[in-house]
Structure formats: structure tokens, C-alpha cells
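This note is intended for a colleague who is meeting the structure for the first time. Please read the points below with the sequence and the model at hand.

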Amino acid sequence: MPIIDIVDAVSAPYTVWRTLRGIEPLCHNGRATFITGNAAVTFTVMHEGRKKILKCYTRSNPYLREIYGSKYYPNELCVISLTGSQMWIDCLLYDYIEGISLDEAICAARDCHDIALLARAFDTMACHILADSTSHGDLKPENIIVTPSLEMIPIDYDSAFTPSLAGKPATEVGTAGYQHPARDTRFFDKHLDDYSIAIISTLLHIAATDFSIVERF
């Protein structure tokens, strides 16, 4: 599914939704602003008076319902191509989280003290993840929001494991730089985030004692 067709569908004055109503994308020069990822196009929208994130998938993921529950809207958006063919694509709609990504926060850090605060906040979030029965599956700085109060909240759970998926293969294996080199689709359980947490926490704590680590990496 071409990204431009999805952007045109969301930007259109009479967007065709299967069940959703009142979606208003934030626009620039009359077109919805968006970012693209591995398998989706993501928009910031207003819905029922609140800022939210609308994620429109360019390819299918069989586990989205188990992962997201009521936030998942299958076959929700009607997209019409330049040739006139139409397709209904899956969407996700969830509350916008105020803040910046962890990689942005690291770049904005002024000294070791700032990094130390991020390291402690990351470890607090990591403890909650490790104590849960689910796992994120693609934990990396770009997928973690740092709120103004320095709380860290993971986003983009498309690679997540939940107990209902036990015994099934993973559909994705996360981002290479933050995953164990031996990870493959057969490794899919609550320990998915162990390696990611270990490497990110270690790098943050090292940088909290030697700020040149931030400048180098």
C-alpha cells in the first residue's frame, strides 16, 4: 500500500471510516502531517476533543488485536489508489503522550547529571516491564517517551509478546542494534526485553560518569 495513498485518504475532507467518527488530522498547508515507520504511517489527530495518535498500517500483523485490544480498528480506513481501486486498512488509535523520545532527551542532555536522571528513570520503567507478564519486543530510545516529569513510557508495541501469544512465533525481531545477535522469530516470550534493557541501562549509566560517551554515540 503506497504511503501517499494513505496520506491522501486521511487528508481528504470526506475520509471514509468504517466505525470511527470525528477524526481531525493536524495539517500543514492542507495536508495531514505524518511520520513513516517500518509498517505504518502515523498521524497526530484530534478526536473527541483530545489529541491522539492514529496509526495506519501498510501491511498486516496478525497479533494486533491481542496486543492492543480496543485501541485496534481492523479494516477501518478506506484508501483509494490512483487507479481507482480501494482497500480497507487496519488502524490504531490511542492517546497522545506529551514529551520527547529518549534519543531526543539524550541529545538534549547538558551534562552527566542530566544523563544520570535519565538512567534512573529508565531503570524505574525497566523494573515495571520486567515484572509484567508482557514484553515490548522492540525497546529502543526512539520507542520510549520521556514526559516533562521524567517518567518514561514505551510506545509502539507492534512486536510485543502477551501471554495469549505463548507458543506462537514472533512476526518481527526488533531493531538490530538493541537486540541480541542470536534473536530470531522462535524466541518469543516475556524475556524479549532483557537484552535491550541491559544494553540501554548500561550505556546510560556509563554516560552518566563519562559524558563523552553521549558525544561519541
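This is a predicted model: local features need pLDDT of at least 70, side-chain atom pairs count only at pLDDT 80 or more; totals for chains, interfaces and linings use all residues.

In which strand is the place of A40?

1. Position of A40. The residue A40 belongs to strand β5, which covers residues 40-47. A40 counts as buried because its relative accessible area is 5%, and the cut-off for that class is under 20%. Leaving aside residues up to four places away in sequence, A40 touches I35, K55, C56, Y57 and T58. A12 lies 28 residues from A40 along the chain, and the C-alpha atoms of these two residues are separated by 18 Å.

2. Strand β5 and its cover. How many of the residues of β5 are buried? The count is 7 of 8, so the strand is described as mostly covered. A40 is one of the residues of this strand, and A40 is itself buried.

3. Pairing of β5 with β6. Strand β6 covers residues 50-57. The strands β5 and β6 pair in the antiparallel sense, over 8 bridges.

4. Strand β4, residues 34-36, pairs with β5 in the antiparallel sense over 3 bridges. These two strands form a hairpin with 3 residues between them, and in β5 the residue V41 is the bridge partner of T36. Strand β1, residues 24-25, also runs antiparallel to β5 and is joined to it by 2 bridges. There, E24 stands opposite M46 of β5.

5. The loop between β5 and β6 holds E48. In this hairpin, with 2 residues between the strands, E48 takes a positive phi near 55°. E48 is not a glycine. Is E48 buried or exposed? It is exposed, because its relative accessible area is 64% and the exposed class begins over 50%.

6. The hairpin of β7 and β8. Strand β7 (residues 72-80) and strand β8 (residues 86-95) pair in the antiparallel sense over 6 bridges. In β8, M87 is the bridge partner of V79. The hairpin has 5 residues between its strands, and G84 takes a positive phi near 95° in it.

7. The sheet of β9, β10 and β11. An open sheet is formed by 3 strands in the order β9-β10-β11, with antiparallel pairing. Its edge strands are β9 (100-101) and β11 (152-154), each of which pairs on one side only. Strand β10, residues 144-146, is paired with β11 over 3 bridges in the antiparallel sense. I144 stands opposite P154 in β11.

8. The loop residue L150. Between β10 and β11 lies a loop that contains L150. The phi of L150 is near 70°, a positive value in a residue other than glycine. L150 counts as partly exposed, because its relative accessibility is 34%.

9. The loop residue H191. H191 is placed in the loop between β11 and α5 (194-207). With a relative accessible area of 41%, H191 is partly exposed. D123 is 68 residues from H191 in sequence, and the two are 16 Å apart in space, C-alpha to C-alpha.

10. The chain as a whole. The secondary structure comes to 6 helices and 11 strands. Along its principal axes the C-alpha trace spans about 55 × 45 × 30 Å. Of the 217 residues, 44% count as buried. Among contacts between residues at least 6 apart in sequence, 59% join residues at least 24 apart.

11. Surface and charge. The accessible surface of the protein chain comes to about 11,600 Å², and 57% of it belongs to carbon and sulfur atoms. The chain carries 18 positive and 27 negative charges, whose mean positions are 5 Å apart.

Methods:
Residues are numbered from 1 along each chain as its sequence is written. Side-chain values use heavy atoms; hydrogens and water are left out. Helices (H or I, at least four residues) and strands (E, at least two) are DSSP runs, numbered from the N terminus. Buried means under 20% relative accessible area, exposed over 50%, partly exposed in between (1.4 Å probe, protein chains only). Contact means heavy atoms within 4.5 Å. Accessible areas come from the Shrake-Rupley method with a 1.4 Å probe; for residues, only the protein chains shown count as cover. Lys and Arg count as positive and Asp and Glu as negative; His and the chain ends are not counted. The place of a charge is taken as NZ of Lys, CZ of Arg, CG of Asp or CD of Glu. Two strands pair if DSSP finds at least two bridges between them.
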